[in-house]
Amino acid sequence: MADFPRNRSDSSGYATYCKSCHNRRTRETKQRLYGGNREYHLRRRYGIGEKEVQELLAEQGGVCAVCGDPDPEHVDHDHRTGWVRGILCFNRNGGLGQFRDSPVRLARAITYLRGTTWQRVLIHPGVYQMCSPTRGRPPSQRF
């Protein structure tokens with residue numbers, strides 16, 4: 001019974017097919033109905049197919065909609081509405097996800113990057129101190 005996965009809805013408590021047969025049948029069904037695993041995934045998750053992905057990519061000039069790197073592969077979508085926004089590279093798609101699609105969080109990150117550039121300031125011959133124009137105190141001028 002170790003080869004058969006658990007299935008609580010069946011009276012025996014086990015699935016009808018063993019794991020390897022189940023996996024094979026699933027692959028065959030995805031191939032027959034959708035033409036492959038990627039098409040199945042795109043249709044199920046985003047409601048679009050590979051054809052629509054290629055059309056979006058062509059509209060973007062074949063590059064990531066955010067950074068312009070060539071050959072992006074990741075479908076970006078609005079998590080609130082489910083609408084597809086574009087095709088992004090792995091890093092930009094993950095980055096937007098890390099910011100939870102929030103323009104406010106992204107704006108704060110931009111403000112942070114622009115305002116916290118640390119610089120070396122000479123405070124004594126041969127002695128430097130790191131300072132930021134918006135964080136901490138400026139270096140002491142007593143020296």
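The legends below describe close-up views of a predicted model. Residues are numbered from 1 along each chain as its sequence is written, and side-chain values use heavy atoms, with hydrogens and water left out. Because the model is predicted, local features need pLDDT of at least 70 and side-chain atom pairs count only at pLDDT 80 or more, while totals for chains, interfaces and linings use all residues.

View 1. The hairpin leaves 6 residues between β1 and β2, and glycine 82 in the turn has a positive phi of about 85 degrees.

**View 2. Histidine 74 and aspartate 76 in strand β1.** Aspartate 76 has its place in strand β1 and counts as buried at 6% relative accessibility, a class that means under 20% relative accessible area, with exposed meaning over 50% and partly exposed in between (1.4 Å probe, protein chains only). Leaving aside neighbours within four places in sequence, aspartate 76 is in contact (heavy atoms within 4.5 Å) with Trp83, Val84, Arg85, Gly86, Leu88, Asn93 and Leu96. Histidine 74, also found in strand β1, is partly exposed, with a relative accessible area of 29%. With neighbours within four places in sequence again set aside, the contacts of histidine 74 are Gly86, Ile87, Leu88, Cys89, Phe90 and Asn93. The C-alpha atoms of histidine 74 and cysteine 64, which are 10 residues apart along the chain, are separated by 9.1 Å.

**View 3. The packing of helix α2 against helix α3.** Helix α2 (residues 37-46) and helix α3 (residues 50-59) pack at an angle of about 80 degrees with their axes 9 Å apart, the axes being lines fitted to C-alpha atoms, for helices over the stretch in contact, and the angles running from 0 to 180 degrees between N-to-C directions. That angle makes α2 roughly perpendicular to α3, since 65 to 115 degrees counts as roughly perpendicular, under 35 as roughly parallel, over 145 as roughly antiparallel and the rest as oblique. Arg38, Glu39, Leu42 and Arg43 of α2 and Glu50, Glu52 and Val53 of α3 make the contact.

**View 4. The largest nonpolar core.** This core consists of 7 residues, namely Leu42, Tyr46, Ile48, Val53, Leu57, Val75 and Ile87, a nonpolar core being a set of buried Ala, Val, Leu, Ile, Met, Phe, Trp, Tyr and Cys residues joined through side-chain atoms within 4.5 Å. The elements giving two or more residues to this core are α2 and α3. Isoleucine 48 touches Leu42, Arg43, Val53, Val75 and Val84, not counting residues up to four places away in sequence.

View 5. Strand β3 (residues 119-124) and strand β4 (residues 127-131) run antiparallel and are joined by 5 bridges. Across the pairing, glutamine 119 stands opposite cysteine 131 of β4, and valine 121 stands opposite glutamine 129 of β4. The hairpin has 2 residues between β3 and β4, and glycine 126 in the turn has a positive phi of about 85 degrees. Isoleucine 123, which lies in strand β3, is buried, with a relative accessible area of 15%.

Definitions and conventions. Two strands pair if DSSP finds at least two bridges between them. Helices (H or I, at least four residues) and strands (E, at least two) are DSSP runs, numbered from the N terminus.
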